Amino acid sequence: MDPNHAILFEPVQIGPKTLRNRFYQVPHCSGFGTEKPWTQAAHRGMKAEGGWGAVCTEYAPFTPDTDEAPLIAARFWDRDDMRALRLMTDAAHRHGALAGLELHHAGNHAENNVTRYPTLAPSQTASDLHAHVVAKAMDRADIERIQRDWVEAAKRARDCGFDIVYAYGAHSYLLMQFLSPFYNRRSDGYGGSFRNRARFWLETLERGKEAVGDDCAIATRIAVEGLGPSGIRLDEALEFVALADPYVDLWDVNVGSISLWSHDSGTSRYFEEGYQLEWTGRVREATGKPIVGVARLTSPDLMAGIIRSGAWDLIGAARPSIADPFLPQKVAEGRTEEIRECTGSNVCIMKVDGFGHLGCVQNPTAGEEHRRGWHPERVEPATNASTPILVVGAGPAGLECAVTLGRRGYEMVHLVEAEPELGGKLRWIRRLPTLGDWGRVVDHRAVMLGKLGNVAVVTGKRLSADDVLDYGAATVVLATGSRWSGEGLQANTHEPIAGADPSLPHVMTPEQVAVLGKRPMGRRVAVYDAEGYFTGPGIAQLLAREGFEVALVTALAVVSPISDLTVEGPLLRQALHDAGVRMTTGVTITGIDPWRVIGETEFGDPWSLEVDGVVLVTQQVSDDALYRELAEDADALAKAGITRLVRIGDAVAPRMVSEAVFEGHRAAREIELADPMAVRPFDRERRVPAVELEA
Ligand code: ADP
């Protein structure tokens, strides 16, 4: 271990419990909650195995009248839920970590669409997260009942094996709603003055401490600077910390609110590593108790520096712990270059809140620990290690596949790439404005390839079908990727755009702009985005920076709706606005002339714009010609001794980078199966009736 990092491995006392080190997985959503107890246990248990001193659940509603369905929570109503989460506390303890439960009430933000109880809040306000939700103003009986429920849940948490019990007040949920005058308009003893607004939170903590404080550490999570109306300012937060300090064993601090979650779960596009310290670094002024903070930290040097500065006692992580569950162990063993660094792209949030099951662009095993049985650091040894394997294409899919085949012990793996540089489309994506850290997907794999003596990397060589047949490989994996359609194929029409021909000077693909440096003849350019993620805006920003007058035209109802799933949408649109990019939504472009683009609005009106060129970000198409040529000639394959031909990644279907990495990983794990790419069901963890089925 680097002696500089030794400080990260000191034990820390929190109330009655001792953390074995300073690595702390703060509560984060997963899509598992109590719905998938085995996945929950396996996911948190993996981080415990990787060395984290504590692992926490996501938020845990302790009463049915706080329901944010379809978001999945660690519901903690009763003994039934205790049984589910007991798997998780056991898994944490088995690997020497403490387990934390984030007891939660969403207050104003609970839509209660499924449980159908009225929403509760300090006052009758409309939620700034869901404007149609108006709460019942809590009366004294509600206050008393919620506090009692919290205390009962804290006791259940203790009995379930949790070491750390939270009163969750961050992200502008119920406790913060009492503290913040934005929500709290009461005139009784729970509203008005700062002391009165603090009362609900203080009483809750005091009761919890009294009930379980001898057995569990009491943590509270607070956004110490709301950065907007729906929170409090730092000076009030420090005052609150000082007031509540006697009842708290661990201060879990962050910034923002649920409607400004973009500023808490800040992505690498808009926030530097360590960005929250500006505010959370000041909490020490108000407390001597242990503090844990977050800020997408992946650098052990920075982590050690923060501890040494005295600002925090623990290094909190959600996203970096998903990207690398073994981060602490790698630091302990001096293998810091092997850390799978979080890219800060918030694909995890998209996966969890958008699609209901955690995934990660860097760590293909995240969320697959139980249902596919994947371990991030261990792979099955190759069953026939002497099989020579050729992987064609070193984009995310090919890179991950070659690394994993190498880790499995295949003695002869060749990774051949046409371009002089590794990375596939990430070669140019990482050079678009703000997207640099996405390149970590490539950098990590380049480091691992450098350590694997059994994987040869050949760059600058484009293989033809004959080259592949002559290569001498028995297994061939094609990861040849995809490119943007130059003819303007798009979702709304499934047809080429009239006049779209990228050999013309005024028609461009993203690759032509980003890689070849092609530019329009004049200053006015339209970027036509029919896809809705990062490429259209990225190209628009690139051209705007160079002084072009950029019109970003999208067929969709908002600019980059996919970025809303990564909580980047508002920041992205603001950045485009600030860069002078004019945005037009709801227009489908159907024709291109040398001086204009023409189309139709969502309301059926004709539309046109005079421009000197257009960049087509409409739809990607697979580069599968090599696969087709090889697959169609079974005799040639047999003659060449190729017994297995597998196609992965965007060459199969163009997808997000996370899916290319996942598929590269899956192919490498399953390469010996009769059909490695076959679709197989996995455990859904449902409770099903014991019905006899006919054979
Ligand atoms: P994915 O996301 O599936 O990994 P990418 O499009 O990012 O796909 O990367 C595919 C890579 O494959 C590119 O770097 C491309 O240069 C490379 N490639 C495509 N065809 C060949 C070929 N015939 N020989 C070698 N490399 C190729």
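Arg145 has 23% relative accessibility, so it counts as partly exposed (buried is under 20% relative accessible area, exposed over 50%, partly exposed in between, with a 1.4 Å probe and protein chains only). Before going on, note that this is a predicted model, in which local features need pLDDT of at least 70, side-chain atom pairs count only at pLDDT 80 or more, and totals for chains, interfaces and linings use all residues. Residues are numbered from 1 along each chain as its sequence is written, and side-chain values use heavy atoms, leaving out hydrogens and water.

Arg145 pairs with Asp149 in a salt bridge, meaning a side-chain nitrogen of Lys or Arg within 4 Å of a carboxyl oxygen of Asp or Glu. Both residues sit in helix H3 (residues 140–159), 4 residues apart, about one turn of the helix. (Helices are DSSP runs of H or I with at least four residues, strands are E runs of at least two, and both are numbered from the N terminus.) Asp149, at 19% relative accessibility, counts as buried.

The structure holds 57 salt bridges. Three of them are set out here:

| Pair | Closest N to O |
|---|---|
| Arg221 and Glu102 | 2.9 Å |
| Glu377 and Lys330 | 3.2 Å |

Glu377 is partly exposed at 25%, whereas Lys330 is buried at 2%. Salt bridges with shared partners also join Glu333, Arg335, Glu337, Glu338 and Lys451 into one network.

Next comes helix H19 (residues 569–578), whose buried residues are Gly569, Leu571, Leu572, Ala575 and Leu576. Viewed down the axis of H19, these fall within an arc of 165 degrees, so they line one face of the helix; the arc is that of the directions from the helix axis to the C-beta atoms. Pro570, His577 and Asp578 are exposed on the other side of H19.

Finally, the backbone. Most residues other than glycine have a negative phi, and most peptide bonds are trans. Ala69 and Pro70, however, are joined by a cis peptide bond with omega about 10 degrees. Ser560 is buried at 0% relative accessibility, while His494, with a positive phi near 60 degrees, is exposed at 62%.
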